[in-house]
Amino acid sequence: MGEKERKLRIGVAGLGRAFTVMLPTFLADARVALVAGADPRAEARARFAADFSADTYETVEALCANPAVDVVYVATPHQYHARHAILAAQHGKHLLVEKPMALTLEDCAAMIDAAERAGIRLIVGHSHSFDTPILRTRELLASGAYGPLGMIHAFNYTDYLLRPRRPEELDTAQGGGAVFNQAAHQVDIVRLIGGGLVKSVRAQVGAWDAARPTEGAYSALLTFESGAFASLTYGGYGHFDSDEFSGWIGEMGQQKAPARKAPQRFASAADEIAFKNASSYGGVSYQRPAAQALCHQHFGTIIVSCAQADLRPLPHGVMIHQRGAARLDPLPAPPVPRAEVIDELHDAVVKDRPPLHDGAWAMATLEVCLAMLKSSREGRDIVPAHQVAR
């Protein structure tokens with residue numbers, strides 16, 4: 001089988017929410033095949049085995065020992081990313097790791113070291129910096145046609161914190177909350193557009209619901225070595241929905257109705273866990289997302305201000321605002337959702353091309369997220385020490 005035809009055999013570690021969001025990509029992209037899955041839930045393993053005629057395991061250790069697996073997709077809870085990624089690397093498996101890469105910089109460094117020792121590729125994603133409109137904005141900026149970058153504004157309002165959650169998802173120490181889960185997208189986006197080298201971070205976070213005791217909102221100011229700066233704002237309490245500014249196209253590129261259902265209420269944490277398990281992959285009420293014509297995915301509103309124009313990535317292209325006029329640099333609809341992730345993975349493993357979203361890049365994004373939390377606690381600017389340029 002030639003380079004272009006080689007199919008990457010993927011073993012999935014963790015059959016939860018992250019997996020179900022990536023599942024349409026795995027199903028539609030001919031460059032990958034799902035050959036194994038691991039999850040402690042018997043119902044998830046049974047569904048995976050039936051759907052893909054694949055091997056299933058109760059533990060990630062057993063999955064990594066499967067010689068048929070080329071790539072391990074680490075989609076377990078955040079606090080296990082480092083352990084499972086290092087284990088997969090020790091078995092010689094290439095790595096696709098969900099964001100955030102890990103919860104500490106020490107764990108990130110250990111993952112990078114394990115990958116280097118094993119001679120395997122490590123890619124961290126999906127984050128929305130993979131999205132084609134973001135990559136196109138970066139290309140337009142690099143062309144020099146609009147002058148140097150001055151400022152980036154990123155904001156997004158969702159119902160993130162009101163969705164069904166396990167207890168650890170409401171505990172910042174275990175990787176819960178909006179900074180670990182949502183800022184990872186925005187930080188990745190503005191770093192990719194801004195060149196990667198964050199010079200300082202100043203932030204405030206909000207935790208305004210005693211029943212959901214983790215941060216559900218944040219605002220941050222990042223300055224870059226170039227002198228450009230970026231503001232990041234996120235609200236996850238389900239009041240305003242900023243998809244209104246994207247023509248009611250949702251984060252996954254789907255058309256959505258402006259009206260929103262009231263959030264699900266639960267009598268106890270046990271009821272909430274039971275509901276989430278039932279609606280998760282393999283659960284009694286799980287439903288695979290229906291196929292539909294999609295636009296590109298997005299993460300709220302992004303405005304990139306250059307000396308001679310403002311650029312705004314949208315689900316169908318990049319709007320260029322210049323001298324009182326606006327024109328669209330259009331992008332064709334994606335035939336496969338999140339194909340950009342497989343592009344990078346396939347190029348890295350099959351063509352030996354260094355990935356854009358490698359371990360060093362993801363570690364630097366985590367460093368900014370940790371700096372946001374620290375800045376909010378201490379009320380001062382934080383200077384990151386492990387940034388990388390792109």
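Reader: Let me start with a definition: two strands count as paired if DSSP finds at least two bridges between them. With that settled, which residue is the bridge partner of Arg9 in E2?

Author: This is a predicted model, and in it Arg9 has Ala33 as its bridge partner in E2. That link belongs to a set of 6 bridges that join E1 to E2, the two strands running parallel.

Reader: And is E2 mostly buried or exposed?

Author: Of the 7 residues of E2, 5 are buried, so the strand is largely enclosed by the rest of the structure.

Reader: What is the strand order in the open sheet of 6 strands?

Author: The order is E3-E2-E1-E4-E5-E6, and the pairing is parallel. Strand E3 (55-57) and strand E6 (122-124) stand at the edges with a single partner strand each, so one side of each has no neighbour in the sheet. From one strand to the next, the twist averages 25°.

Reader: How many bridges hold E5 to E6?

Author: There are 3 bridges between strand E5 (residues 94-97) and E6, which run parallel, and through one of the pairings Val97 has Val124 as its bridge partner in E6.

Reader: Which strands does helix H9 touch?

Author: Helix H9 (residues 339-350) packs on this sheet and touches strand E1 (8-13), strand E2 (32-38), strand E4 (71-74), E5 and E6, its direction making about 120° with that of E1.

Reader: Switching to H4, how many of its residues are buried?

Author: Helix H4 (residues 81-90) is mostly covered, with 7 of its 10 residues buried, and these are His81, Ala82, His84, Ala85, Leu87, Ala88 and Ala89. The elements that cover them include helix H3 (60-64), E4, E5 and helix H5 (105-118). Just after H4, Gly92 takes a positive phi of about 80°.

Reader: Where does Gly16 lie, and what does it touch?

Author: Gly16 lies in the loop between E1 and helix H1 (17-28), and at 22% relative accessibility it counts as partly exposed. Setting aside residues up to four places away in sequence, Gly16 touches Asp39 and Arg41. The C-alpha atoms of Gly16 and Asp39 are separated by 8.4 Å, although the two residues are 23 residues apart along the chain.

Reader: Now the open sheet with 8 strands: what is its order, and is the pairing parallel, antiparallel or mixed?

Author: The pairing is mixed, and the strands follow the order E8-E9-E10-E7-E11-E12-E13-E14. Strand E8 (198-206) and strand E14 (325-330) form the edges with a single partner strand each, so one side of each is left without a neighbour in the sheet. Neighbouring strands are turned by 15° against each other on average, direction ignored.

Reader: Where does H6 lie, and what about H7?

Author: Helix H6 (residues 132-142) lies across strand E7 (149-157), E11, E12, strand E13 (317-322) and E14, running at about 160° to E12. H7 also packs on the sheet, where it touches E7, E8, strand E9 (217-224), strand E10 (229-235) and E11, at about 25° to the direction of E9.

Reader: Staying in H7, is Gln186 buried or exposed?

Author: Gln186, which is found in helix H7 (residues 178-194), counts as buried because its relative accessibility is 0%. Beyond its neighbours within four places in sequence, its contacts include Phe155, Tyr218, Leu232 and Phe299.

Note on methods: Residues numbered from 1 in each chain as written. Predicted model: local features only at pLDDT ≥ 70, side-chain atom pairs only at ≥ 80, totals over all residues. Heavy atoms only, no water. Helix = DSSP H or I, 4+ residues; strand = E, 2+ residues; numbered from the N terminus. Axes fitted to C-alpha atoms, helices over the stretch in contact; angles between N-to-C directions. Contact = heavy atoms within 4.5 Å. Buried < 20%, exposed > 50% of the residue type's maximum accessible area, 1.4 Å probe, protein only.
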